[in-house]
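Q: I have a structure here that I have not looked at before. Can you take me through some of it?

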Amino acid sequence: MTQFYDQLETRSNDERAAALARALPDQIARAQTLPGYGGALRDVDAAVITTIADLARLPVLRKSDLGKAQGNAAPFGGLTTRPAHGFSHIFQSPGPIYEPGGTDHDWWRMGRFLHACGVGKGDIVQNCFGYHLTPAGMIFENGARAVGAAVLPAGTGQTELQARAAHDVGVTVYAGTPDYLKVILDKADALGLPLKITRAAVGGGALFPSLRAEYAERGIQCLQCYATADLGNIAYESATQEGMIVDEGVIVEIVTPGTGNPVAPGEVGEVVVTTLNPDYPLIRFATGDLSAVMEGTSPCGRTNTRIKGWMGRADQTTKIKGMFVRPEQVAALVAGHAGIVRARVIASREGEADVMTVQIEADGNDADGFAGVVADTLKLKGRIEVVAKGSLPNDGKVIEDLRSYD
């Protein structure tokens, strides 16, 4: 029998709608007091915004808007109800974009996902999300604490040490990007170190069916969540693995990309999220990700809306090795090096790992000569191919994703 995180997960549609009708006007009113929204919400009567359909009257907030706002009012752009020193943590994501963080109980709501994974007291979570500047490490640590699990704050890299620690400590749960677990498992096998990992809670990249199947063959149940640095947990899988269940602390809309107009039920569109977090009330925040609403409710008994999970990007921004690569970064690569005429980033898979190839139109064939500027600009290392001038396709793409998500 399914054990739920709390009674919110099994509310009826009427109960959830009634709760939203109480919470949403308060959140809109809270946002109206924040200077970061400027006049965007000035003429809105918060009292009449009580349903998801009502939200469509409001403007969409985009990542680029955060950057502009933060440029005018550092570090959070006047979009938080606390001053910077009132938060437990301050994070920096590529852009740079700054995000607040709290150590209050389940501040990012990741505990709900970990509970759905079967994680709780008696477990030791090897947290392989990054702890340096970006928030993913603390997001998952906060969630693990919410369900009573111990945490090995492993971060990224140093694979041999990771494998030895997992063995020595008796780790039972992996948290991190989907493909890095395989690296640890393979290293442990090579070192003859038996591991006790039986569950994996992953995010920050696509979980490919073949990789999930390989983990299952090793006796590891692998479930994924959909979260962002700004919003925390948005949706998550349960053991039934039939779509992603929307978190109880957010409101998800699916809109026509580039607009705020809701699509018809079941149609693919851009994910727009309103968070009910009183500390950071993001209203209609456009994630740039594509998804669609699924019919019905999850067989696990959780009753909130389900989405189909990540179905690509509304723009060319692509996540490779758990990091976003954006078109503006590719443009900066070309602008920042006199020898580069054009560039194209290609995301592919080899085995169960992401590969980034950067094709550069330039004279000569000195690929190594561009390695430094590529790593500095894209924040990732990858293969570099120097191609003849004029040889890259003239199709408007600067980032191409060749990975199959079937």
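Q: Which strands does helix H10 lie across?
A: This is a predicted model, to begin with. In it, helix H10, residues 371-378, lies across S17, S18 and S19. The helix runs at about 120° to S18.

Q: What is the order of the strands in that sheet?
A: The order is S19-S18-S17-S20, in an open sheet of four strands with mixed pairing.

Q: And which strands are at the edges?
A: Strand S19 (383-387) and strand S20 (399-401) are the edge strands, and each of them pairs on one side only. On average, neighbouring strands in this sheet are turned by 20° against each other, direction ignored.

Q: What does "mixed" come down to for S17, parallel or antiparallel?
A: Both occur. S17 (residues 342-350) pairs with S18 (residues 353-361) in the antiparallel sense, over nine bridges. With S20, S17 runs parallel, and three bridges join the two. In general, strands of a sheet pair through backbone hydrogen bonds in either of these ways.

Q: Which residue stands opposite Arg349?
A: Asp354 in S18 stands opposite Arg349. Further pairs across these strands include Arg344 opposite Gln359 in S18, and Ala347 opposite Asp401 in S20.

Q: How many residues sit between the strands in the hairpin of S17 and S18?
A: Two residues lie between them, and Gly351 in this hairpin takes a positive phi near 65°.

Q: Where is there a positive phi in a residue other than glycine?
A: Gln241 has one, with phi near 55°. Gln241 is in the loop between strand S8 (232-236) and strand S9 (244-246). Most residues other than glycine have a negative phi, and most peptide bonds are trans.

Q: Speaking of peptide bonds, which residue does a cis bond join to Gly95?
A: Pro96, with omega at about -5°. Pro96 lies in the loop between S1 and strand S2 (97-101). The bond from Ala74 to Pro75 is cis too, and its omega is near -5°. Pro75 is found in the loop between helix H3 (63-72) and strand S1 (89-93).

Q: Which residues line the largest cavity?
A: Its lining is made of Trp107, Trp108, Arg109, Asp230, Leu231, Gly232, Thr275, Asn277 and Tyr280. These divide into four nonpolar, three polar and two charged residues.

Q: What about pockets? What volume does the second largest pocket have?
A: About 530 Å³. The pocket is lined by 26 residues, and the closest to its centre are Arg16, Leu20, Ile52, Asn304 and Thr305.

Q: Which element gives the largest share of that lining?
A: H1 does, with seven residues. Helix H1 spans 13-32, and strand S10 (250-255) is another element that supplies at least two residues of the lining. By type, the lining of the second largest pocket has 13 nonpolar, nine polar and four charged residues.

Q: Last one: which residues does UniProt list for a domain?
A: The UniProt record, an unreviewed entry, lists residues 137-274 as "domain: AMP-dependent synthetase/ligase". Over residues 137-274 the chain is 30% helix and 28% strand. The end C-alpha atoms of that stretch are 23 Å apart.

Terms used
Residues are numbered from 1 along each chain as its sequence is written. This is a predicted model: local features need pLDDT of at least 70, side-chain atom pairs count only at pLDDT 80 or more; totals for chains, interfaces and linings use all residues. Side-chain values use heavy atoms; hydrogens and water are left out. Two strands pair if DSSP finds at least two bridges between them. Axes are lines fitted to C-alpha atoms, for helices over the stretch in contact, and angles run from 0 to 180 degrees between N-to-C directions. Contact means heavy atoms within 4.5 Å. On a 1 Å grid over the protein atoms alone, a cavity is a set of points where a 1.4 Å probe fits but cannot get out, and a pocket is an open set with protein on both sides within 12 Å along at least five of seven lines; lining residues have an atom within 4 Å of a point. Ala, Val, Leu, Ile, Met, Phe, Trp, Tyr, Cys and Pro count as nonpolar, Asp, Glu, Lys and Arg as charged, and the others, Gly among them, as polar. UniProt positions are given in the numbering used here, feature names are shortened, and annotations may be inferred rather than shown by experiment. Grid points are joined across faces, edges and corners, and a volume is the space filled by probe spheres set on the points.
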